[in-house]
Amino acid sequence: MIGIANLQIGNLRSVSNAVDSFGYDHCLVESAEQLDSLTHLIMPGVGSFHRAMRNVSALGLREPIRDFVASGRPLLGVCLGMQLLGSSGEEGENTVGLDLLAGEVRKFDRTRVESIPHVGWNSVELEADHPVFRDVRSGVDFYFVHSYHFRPADQTSVVGFTDCGEKFVSAVAQNNVVGVQFHPEKSQANGLRLLDNFCGWDGSC
Amino acid sequence: MIGLTNRRALPVVELVRCTRCGLPETYETIEFDTAGVCNICRQKEFRDAAIDWPARRQQLAELVESYRGKHEYDCIVPFSGGKDSTFTLLYLVREFGIKPLVVQFNHGFMRPTLLKNNERTFRRLGVDVLSFRPNWRVVKRLMLEALVRKGDFCWHCHTGIYSYPMHVALKYNTPLIVWGEPSSEYTAYYDIRDDAMEQVDETRFNRFINLGITAEDMGGMISGDFEFDPRDLAPYTYPPVRDLRRLQYRSVCLGSFIPWDTKTQAQIIQDELGWEGDEVENMPAQLYPYEKIECHVQGVRDYITFLKRGYHRVTQMTALDLRNGRMEKPEADRLVREFENRRPPSLDIFLEYLNITEDEFNSIVLNTVVPPHRPDFDAIKPGAKTWDFDLWWREG
């Protein structure tokens, strides 16, 4: 069973449609008890870091999600979902994240990025091999919509970079946790392949 | 409809052609490089030089082993009885000793020699066979609609051939489906330089097989003047991908694992199975007795291609021979001149099926001509009947 975290911050349908087409059983996760039955958890997200973390807390999911990761099962954070993996974010107000990956979420540097938010198709240069990126080539395009980005403290967790005037980390992974700043569910064949790879991944590298 | 007599005669345009194989610029997916050589020739060079065929053969063996004995059948072999599917079936049974379910989508135009071949092949190889023939009344209406919309009346056949075996895979809980020839032998919808194998899946189905018309679209298009049950279109509908994925299906071409060579393979099925070739309208029978012998309106299909795109299957076949270094260019040019501008006798039968006149047929085809080609109806000469012409189904 693939869980899709419903943090009440939008856009779950594209992710669930994709997972459904791959043939997997899936459910929306809104409470801690549901995590037990899951093999994988996907955390999609559109919205602000502060509001999302407030919802995570209100749903009582912060520690259960951390326990889920500690159990070795795979977690994928998408867009804001990737940012929530970090230690803290400055969007809305300074907020503590899930702290699964050390690092901060910062707004793009206005002096370098001409147009914020960074919206549209952009390429992801892969820095490392990862099972979730199997058969996805370095340099292919994915779809982005965001104004903030995650800056991991540990550079060994970087899987891919993207340049939109400011070079930022667009894919990150550590043990059984993966985060992507782009929207694989909106990124056609390459994005669907990535999601499919994740759903079939056992969490080991 | 506008009669041809009202059309102003325009000068015939000389098409740009591949300097190596002679395929023209109106050929699907073609591009020429600075040397004037087409991408399909370049793809072939890559295929021969860079693909590790022994490794591919090993992959096939592993694939077959991973499915052996686990389902109702080891695999499904979609089968027309032409040279490619016959070779595929022979190869899988002889090389791997598998138990296949042979699935035949009978388009309604199978010729006597083909039926005899099928009978012999099935008996000699000892295989289970399912044959399915869709509602002929519906087929006729689908042919007319596809001809009018796309200048290609084969929609029912191409969609049915590629979707029906997938339904059977689900019904018989058999996830491995092995087709014959990959499309990359003829077109560049798939770039084999990616070293990515062509998956015979819904993406491919929607990319070019169904001409951009789903069965649901087709239902809407014909509903105004034709009574049918929506279920009549089920054989042309691709099954839900989710169902196929849950079955953990793999749908691949044998030609992705072994280098495809139609001429040699045709010889093998003749020697091993007694498979017989046949003459086809407006094709040099001595040279290509093994090609497209399965359909009695193949001549009409080839004729439409000639009117629309300015080349015919003789060009396509000689291109293959030129590419393989089996023919010289002057000989290819001679064959093209001799056979390509001929009207197939089967057109009369076809017009009866669709209940249209030849003027109407020509007007429909003119609407789908691929520029810069312009057909020259005045230059068309009558073609010869094949031996079995009088045995083909007639309306009325």
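Which residues of α15(B) are buried? They are F361(B), N362(B), S363(B), I364(B), V365(B) and L366(B). Here, buried means under 20% relative accessible area, exposed means over 50%, and partly exposed lies in between, using a 1.4 Å probe and protein chains only. The buried residues of α15(B) pack against α5 (136-150), α11 and α14 (346-354) of chain B. Contact, in this text, means heavy atoms within 4.5 Å.

Before we go on, a word about what you are looking at. This is a predicted model, in which local features need pLDDT of at least 70 and side-chain atom pairs count only at pLDDT 80 or more, while totals for chains, interfaces and linings use all residues. Residues are numbered from 1 along each chain as its sequence is written, chains are lettered from A and ligands numbered from 1 in the order in which they are written, and side-chain values use heavy atoms, with hydrogens and water left out.

A disulfide is a covalent bond between the sulfur atoms of two cysteines. The working cut-off is a pair of cysteine sulfur atoms within 2.5 Å. Take C38(B): the nearest cysteine sulfur belongs to C18(B) and is 3.8 Å away, and C38(B) is in no disulfide. C38(B) has 0% relative accessibility, so it counts as buried. C41(B) is also in no disulfide, and the nearest cysteine sulfur, that of C21(B), is 3.7 Å away. With a relative accessible area of 1%, C41(B) is buried.

Now turn to the place where the two chains meet. How many residues does the contact take from chain B and from chain A? It takes 5 residues from chain B and 8 residues from chain A. The area buried between these chains is about 560 Å², and carbon and sulfur atoms give 26% of it. Buried area is the accessible area (1.4 Å probe) that two parts lose on being put together, summed over both. Between chain B and chain A there are 4 salt bridges, each defined as a side-chain nitrogen of Lys or Arg within 4 Å of a carboxyl oxygen of Asp or Glu. One of the salt bridges joins the side chains of R242(B) and D20(A), at 3.2 Å from N to O. By class, the side of chain B that touches chain A has 1 nonpolar, no polar and 4 charged residues. For this sorting, Ala, Val, Leu, Ile, Met, Phe, Trp, Tyr, Cys and Pro count as nonpolar, Asp, Glu, Lys and Arg as charged, and the others, Gly among them, as polar.

Moving into chain A, we can follow two histidines. H118(A) sits in strand β8 (residues 118-123), and H146(A) lies in strand β10 (residues 141-146). They are 28 residues apart in sequence and 5.4 Å apart in space, C-alpha to C-alpha. Is H118(A) buried or exposed? Its relative accessibility is 8%, so H118(A) counts as buried. H146(A) is buried, with a relative accessible area of 5%. Leaving aside residues up to four places away in sequence, H118(A) touches several others, including F108(A), H146(A) and F168(A). The side chain of H118(A) makes a polar contact with that of N122(A), at 3.1 Å. Another polar contact, of 3.4 Å, joins the side chains of H146(A) and Q181(A). A polar contact is a pair of N or O atoms within 3.5 Å; within protein, one must be able to donate a hydrogen and the other to accept it, and residues adjacent in sequence count only if both atoms are side-chain atoms.

Finally, here are some backbone details to look for. Most residues other than glycine have a negative phi, and most peptide bonds are trans. The peptide bond from I116(A) to P117(A) is cis, with omega near 5 degrees, and P117(A) is in the loop between β7 (103-107) and β8 of chain A. In chain B, a cis peptide bond joins P371(B) and P372(B), with omega about 5 degrees. N175(A) is not a glycine, yet it has a positive phi of about 50 degrees. N175(A) is exposed, with a relative accessible area of 57%. K292(B), not a glycine either, has a positive phi of about 55 degrees. K292(B) is partly exposed, with a relative accessible area of 36%.

Methods: Helix = DSSP H or I, 4+ residues; strand = E, 2+ residues; numbered from the N terminus.
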